[in-house]
Structures are given as C-alpha cells and as structure tokens.
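Here are a few friendly notes to read with the model open beside you. Take the points one by one, and find each residue as you go.

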Amino acid sequence: MLKKHNEFFKGLLLISDLCFVSLAWWSAYGVRFFTTLFVTPEPFVPRHYVIAWLIILGAWTVVFEWADFYRPRRLSTHHRETVELVKCSAIALLIFLGVIFIIREVVISRIVVVLFWFSSLFWVSLSHHVFRGGLRFARRRGYNLRHVLVIGTPALVSPLVNRLTSYKRLGLRIAGIYLTEGELPSGLSYGVPRITGEEELAKFIRGGAIDQIFVALPLEQASKLRDIQEWLGDEPVTLHFVPDLGELATIRGSIEEFDGLQIISLQSTPLAGWNAFFKRGLDLSLGALALAIFAPVMALIALAIKCSSRGPVFYRQERMGLDGRRFTMLKFRSMIEDAEKLTGPVWAMEDDPRVTWVGRWLRQTSLDELPQLINVLRGEMSLVGPRPERPPLIEEFRSSIPKYMLRHKMKAGMTGWAQIHGWRGNTSLKNRIEYDLDYIENWSMWRDIKILAHTLFGGFRNNRGVTSK
C-alpha cells in the first residue's frame, strides 16, 4: 500500500514537471517570435519546435527518472532538492542539444533554448516548493504520516525523538521505542509504547505497524545493526542509522559517495567548489577596490614612518595560513628596527617602549594592517578568516590548546569573527580559538559580508598587544 502511495506521488510530480517544462518551452517560443523584446528577425519553422518539444519531454523524463529525483524527501531540504533539480536539468539540456545536433534538419533559436532552460528551472522549482509546502501542511494536521520505531541507547534516543516529534512537518509519528541498554529519564516516556525483549521487537517489526526505523547507537555498539537487520528480515521498512560521531567529528563534517562507498568526513574545510570560487571572487573584487581607495592613505603612512624612525616602511613576518602553509605577511612597521633582536617573538605589552609614536597611532586605528591587502590579492590571505600567528608561537599554542591547529582549515584573514567580538591581540587565546572554530563550522558568504561591514563601520572593541613591529 505504501509503495503504491509513493508511486502515485512520483507519477503526479513527473506529470506536473512535464507540464511546467512544456509551459516554459512554449512561453520562450512565444516571447522570442511573438513579442517586440527581440527586434532581430529570425526565420523559424513551427514544426521544428514541436519536434524539439517532444525531445525535451523524453530527455527530461529519462534523466529525472534515472536520477531518482522523485524519491520521498521527508528528511531532505528544499535547497538540496533545488541543487539536484539544476544538475538534472543541465544533464537533460545537454542530451537535448546533442540530439538536436545529430538531427541537423531541426533548427531552433538559441535564445529560445536559453529562455526555456532558466524559466523551466524557475517553474519546476516553484511547483515543487508549493507541492512540498502542501505536504508539510497536511502532515502537521495528521495526514500522510509515517510510523517510526526508534532503537538505541537512552543518551541518543532522547534527542533523536525530541527532534523527530518537534518537526511535525516531517509527518513522522513515534510508534515505539526500544532501548539496547538502560532506561529513559523519568518523564520522558513520550507517550509511546516501550518495547522490551528481542522477541517482542522482532514481532513488532514484522507486524507491519511501522514504516521506518531509526537506530541511534554509539560507535562501539554499531555491530548491533546486524542483529537489527536480522530481526527486520525482508520486511519493506526503511532503515536509518544515526551514529554518535560527536566525539570524533570536529569541523565541517560531511558524507560523500565514492564509487558506491559512503565516506564520512569528520573534519574538512568549507572552502571547496563554488564556496572557494565565490570567496576568492569577493577577496579579489573588494581587496582591489580597498587597495585603490586606501592607496593615498598608505602613501602618507609610508612617508610618516620613514620620517619618524630609522628602518624599512614595511615589516615582513612569517605567518601560518591555510592547511599550515607558511607565507610572508606584510604590515606597516610600528616598532623600532630590530625590536625583537633581544626578546625574540613575544606578545607585546601595553605601552610597549619598542613601539614608535607613529606605530602606536597605527595600531590604535588598525591602519598598520592595510598592506595585507597585497597578501589578499596574492591569495595568501582572505579579507575574513582567523588571524594568522607566527610559527614559533604556534608550536607553543598547539601543545597547550586542544584543536588549535584546526583554525588553519580556513585561509587566514585580515579580520574575523573573533576580532569583531573583541578577541584579538593579548586577550584570551582559548576564547579566540572557540570563535575561530565556530566561524569555520558555520561559514557562509553572508557571514563574511556581516564581518566586513562590522569591521568597517563598527571597529574593534579593544586595543591589542601584538607581536609585530
């Protein structure tokens, strides 16, 4: 019955998508040839567009079925569905263009193809959004429900049940709980049957009263999955495993597929694919603009440094960046020449006598950091990210601060999440690392833009004591 129910919705969605794809095709055809938006005359044969339309219907049907695009998506998001839609539509479009290229007698307008593809993405995505919204509305009111059995330890079952029951839009109703050990805390019975004993569990599973099973176990008990699969037998029940990776996962955990293998990444960088492309684009565009705007100010600062003390204008210092790679960071010199000749790399003190009067002003205004725009354009740094440290200090920090080196999974920045919250310079290193890791774990382009805006208009919350000149 459940399978027939799913097949009905799959067929309904496919027919709906083909209708909207057809709407997009003939709308593009009408806009190109029967409006004044495109004044350039172009001969066209209506029969060719009918043939192309039939090819589109076939290509879209084959690709979307092949990709299993219409599978149930209770636990998925609209964003993920949209990404899959774009991929499937792109593949279908390539197949369509390949067939048109082979059938040389069919000639169609490139403008129609472009208009069609973008409008089809819009209409199909909108229809799916409305359809999923209607399903969520029905599930909140008790329709289209799936009955769930939760198996696991009390520590993992409680948060899982809380999440499943709080999201009523999923339409998942807890039908039973089976604990592999221990008892649930008092008051957390959730008003559902508690199953005891393996025989009762096997009978419950095979009784046809459930549609899905969620197994929440720590890694040391993962072998019990075999027993659960044996209890399950050949029952057509969806089985989900929710492993406890909390103690192992650090930042940006994810699951990928490689040649049929499911690979779980416990720590990685968010700067991959389009994320890296857009972040680098932001760095290049805003970095070049900032360098052009501040060029006159930088020239005046260089003149002031040169006239006020002996030594070079810039101070070059080795720092550690993305994936532990070292680079030479540029700053305006704020200390006397050879300030660390006797002390070595140390945190500068407040009212440090090594700081020149021009350097003190530069530090208070953060203008000594402006040459790092060159590092940004070189690709060694980013506008936003964890502040880079010196290798000798890093060796000291990594031995005393857990997960310190994970901050190097993101390119070093001129400003960052920790800095706009006041954790910069000679402040709590532990708090700074917590903010840096939170930034990496929850990175987004929008967060980068907010940090840049706060840095530009809000400034920093405290003065700093840094090791640089």
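1. Is S366 buried or exposed? Keep in mind that this is a predicted model. S366 is buried, because its relative accessible area is 16% and buried means under 20%. You will find S366 in the loop between α9 (357-365) and α10 (372-378).

2. Stay with S366 for its backbone. Its phi is near 65°, a positive value in a residue other than glycine. Most residues other than glycine have a negative phi.

3. Now look at D68, which sits in the loop between α2 and α3. D68 is not a glycine, yet it has a positive phi of about 55°. With 36% relative accessibility, D68 counts as partly exposed.

4. Next, go inside. A search of the whole structure turns up one cavity of 30 Å³ or more. The largest cavity holds about 30 Å³ of space, and its lining is made by D17, V21, W60, F64, L85, S89, S120 and V124. Two or more of these lining residues come from each of α1 (2-34), α2 (46-66), α3 (78-102) and α4 (110-140). By type, the lining has five nonpolar residues, two polar and one charged.

5. L23, F122, W123, L126 and V130 form a nonpolar patch of about 450 Å². Helix α4 gives the most to this patch, with four residues; F122 is found in α4.

Note on methods: Residues numbered from 1 in each chain as written. Predicted model: local features only at pLDDT ≥ 70, side-chain atom pairs only at ≥ 80, totals over all residues. Heavy atoms only, no water. 1 Å grid on protein atoms, 1.4 Å probe; cavity = no way out; pocket = protein on both sides within 12 Å on 5 of 7 lines; lining within 4 Å. Points joined across faces, edges and corners; volume = space filled by probe spheres on them. Nonpolar A, V, L, I, M, F, W, Y, C, P; charged D, E, K, R; others polar. Patch = residues over 30% accessible without salt bridge, like charges linked within 9 Å, V, L, I, M, F, W, Y side chains within 5 Å. Areas by Shrake-Rupley, 256 points an atom, 1.4 Å probe, with all protein chains shown as cover. Salt bridge = Lys/Arg side-chain N within 4 Å of Asp/Glu carboxyl O. Buried < 20%, exposed > 50% of the residue type's maximum accessible area, 1.4 Å probe, protein only.
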